[in-house]
Structures are given as C-alpha cells and as structure tokens.
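This briefing describes one protein structure, topic by topic. Please consult the sequence and the three-dimensional view shown here alongside the points that follow.

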Amino acid sequence: MKGGGAIVEERFVYEKEKHLLVMKTNLFFASDGFTVYDGDVNVVFRVDSYGPDTHDAGELVLMDPSGRCILTVRRKRPSLHQRWQGFVGDRRTGDLKPIFSVRRSSMIGPSNVTVEVFGVRKEEYLIKGSFTQRNCTIYNSEKEIIAVIKRRVDISTNMMLGKDVFSLTLMPGFDGAFAMGLVMVLDQTNGIDNGDDDDGTVDRSTTINGQRQEE
C-alpha cells in the first residue's frame, strides 16, 4: 500500500522517495510560517496564517509556490485532545467538508497522534515520536512507514541545526501536501508535548523502511 496516492493534490504525489527541507519562518506572525524546499532548493510549499484576529485564530493555509491556497487546517472548537481538521483549498470560499481530522491520544504529556481521512478513501494514519524534538514517524494503517520528520545536520561542521530547520522524507506515493498539513497541525500542538528530553547528541540517521539511513 505505502503512500496510497493523492489526498490533497495529485501533483504532490511522488513516484520516488522525496526529501524536503522545511524551514520555519516568522515573516507574517510568530510561529505561523514555513517555507518548504526540494533538493534543488526550489520552493514547494509556503505556510501562512489568516491573521491574529480572534475570528481567524487557529487557522492556517498551505500554499503552492505561486501563492495559491491548496489546503486549510483549522482547530475544531470546542474539542478534546487538540482536534484539528483539514479542508481542500480555502475553507472560507471552498468546500466546508473536512477531508481529514487529527487528534492527540492524550491531552497531557507526549502522546501518539491519530489521523483519520474521510470521503471515498477512509484511511487512518498514526504519528509516533516527538515533533518538539523533530523526531517522529508517520505510519499507514498497515504499520508501514510513509513519512519521517528528522532534525538536520550540517555536514560541513557535523553540527545539528536548530529545530527551525528540519527534513521531511516522503515514501513513494505519499501526498506531500497532506504530509505538510500534518506538519502544520503538529507545529500548532507541540506546545503541550512537554515530556521530551533533548541531550544535544547528533543522530545523523533516518529510519526508512525499518533501516537506518545515514544523512
């Protein structure tokens, strides 16, 4: 099964394993921005919020390089376990039906995150690990690894980069736009992931298909 095909948009489904560089930005409002690059340093995605006013609080948009909104993620209120929903395109002008829902298994401390996809393709995904430490893995319903989030290491200095720069590795067939939607939600909920330790050690490997791959 592996990636399973398009959930948000077909053009972001890659036939081969894809490595993306994700950089957190503060160009608009604090903690709400990302720019995502491919291996050729081309912009693949940009992330922005609708703004700091109360009406739009808890709502973020994923854009393609041209600035077109391809996905909106929004916190569901009221809700337990930090539940968020994803909508294709601009939720304010597009379809109001969510295509996926994300929730934490616990409100206290580090916990797994469950993702449910709606519509024709009813699927479930599980996210394990610590996004706070940029070290987590996304699994499909068959417990196969389909995406990995990992800290980056500067090869020239052998130094681990800050948490504002990290890698997102996609297995073949997994929708990159959907994966970034999950990253956006994880970023918004990581403030309550407070049970992690960061000893500063450099781990230059990434787990892919059960094997440790050197970066």
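**Surroundings of Phe12**

Setting aside residues up to four places away in sequence, Phe12 touches Val44, Phe45, Asp64, Ile70, Phe174, Asp175, Gly176 and Ala177, where contact means heavy atoms within 4.5 Å. The model is a predicted one, in which local features need pLDDT of at least 70, side-chain atom pairs count only at pLDDT 80 or more, and totals for chains, interfaces and linings use all residues. Residues are numbered from 1 along each chain as its sequence is written, and side-chain values use heavy atoms, with hydrogens and water left out.

- Phe12 lies in the segment before strand 1; helices (H or I, at least four residues) and strands (E, at least two) are DSSP runs numbered from the N terminus.
- With a relative accessible area of 4%, Phe12 is buried; buried means under 20% relative accessible area, exposed over 50%, and partly exposed in between (1.4 Å probe, protein chains only).
- Although Phe12 and Phe174 are 162 residues apart in sequence, their C-alpha atoms are 8.3 Å apart in space.

**Overall composition**

- The protein contains one helix and 16 strands.
- Of its 215 residues, 47% count as buried.
- Contacts between residues at least 6 apart in sequence include 45% that join residues at least 24 apart.
- The protein exposes about 10800 Å², of which carbon and sulfur atoms supply 50%; accessible areas come from the Shrake-Rupley method with a 1.4 Å probe, and for residues only the protein chains shown count as cover.

**Nonpolar core**

- The largest nonpolar core has 44 residues, and Phe45, Leu62, Phe100, Tyr125, Leu168, Phe178 and Met180 touch the most other members; such a core is a set of buried Ala, Val, Leu, Ile, Met, Phe, Trp, Tyr and Cys residues joined through side-chain atoms within 4.5 Å.
- Helix 1 (residues 176–189) provides the largest share of this core, nine residues.
- Beyond four places in sequence, Phe100 is in contact with Leu71, Val73, Trp84, Gln85, Gly86, Val115, Glu116, Val117, Phe118, Phe178 and Leu182.

**Surroundings of Met63**

- Met63 is part of strand 4 (residues 59–63) and counts as buried at 10% relative accessibility.
- Leaving aside neighbours within four places in sequence, Met63 contacts Val44, Phe45, Arg46, Asp48, Arg68, Cys69 and Ile70.

**Salt bridges**

- A search of the whole structure finds six salt bridges, each defined as a side-chain nitrogen of Lys or Arg within 4 Å of a carboxyl oxygen of Asp or Glu.
- Arg11 and Glu9 form one of these through their side chains, at 2.6 Å from N to O; Arg11 is partly exposed at 45% relative accessibility, whereas Glu9 is buried at 17%.
- Glu9 also meets Arg68 in a salt bridge of 2.9 Å, N to O. Arg68 lies in the loop between strand 4 and strand 5 (69–75) and Glu9 in the segment before strand 1 (18–25), so this pair ties together parts that are 59 residues apart in sequence. Arg68 counts as partly exposed, at 39% relative accessibility.
- The side chains of Lys24 and Asp187 meet at 2.7 Å, N to O, in a further salt bridge. This pair links distant parts of the chain, with Lys24 in strand 1 and Asp187 in helix 1, 163 residues apart. Lys24 is buried at 18% relative accessibility, and Asp187 is buried at 9%.

**Aromatic rings**

- The count comes to seven aromatic pairs; rings of Phe, Tyr and Trp (its six-membered ring) pair if their centres lie within 6.5 Å, and planes under 30 degrees apart count as stacked, over 60 as edge-to-face and the rest as tilted.
- Tyr125 and Phe174 form a tilted pair, with 6.0 Å centre to centre and 50° between the planes. Tyr125 belongs to strand 9 (residues 123–130) and Phe174 to the loop between strand 14 (165–170) and helix 1, 49 residues apart. Both residues are buried.
- Ring pairs link Phe100, Tyr125, Phe174 and Phe178 into a cluster.

**Charges over rings**

- Lys18 lies over the face of Tyr14, 4.8 Å from the ring centre; a charge sits over a ring if NZ of Lys or CZ of Arg is within 6 Å of the ring centre and within 35 degrees of the ring normal.
- The charged end of Lys128 sits over the ring of Tyr139, at 5.8 Å from its centre.
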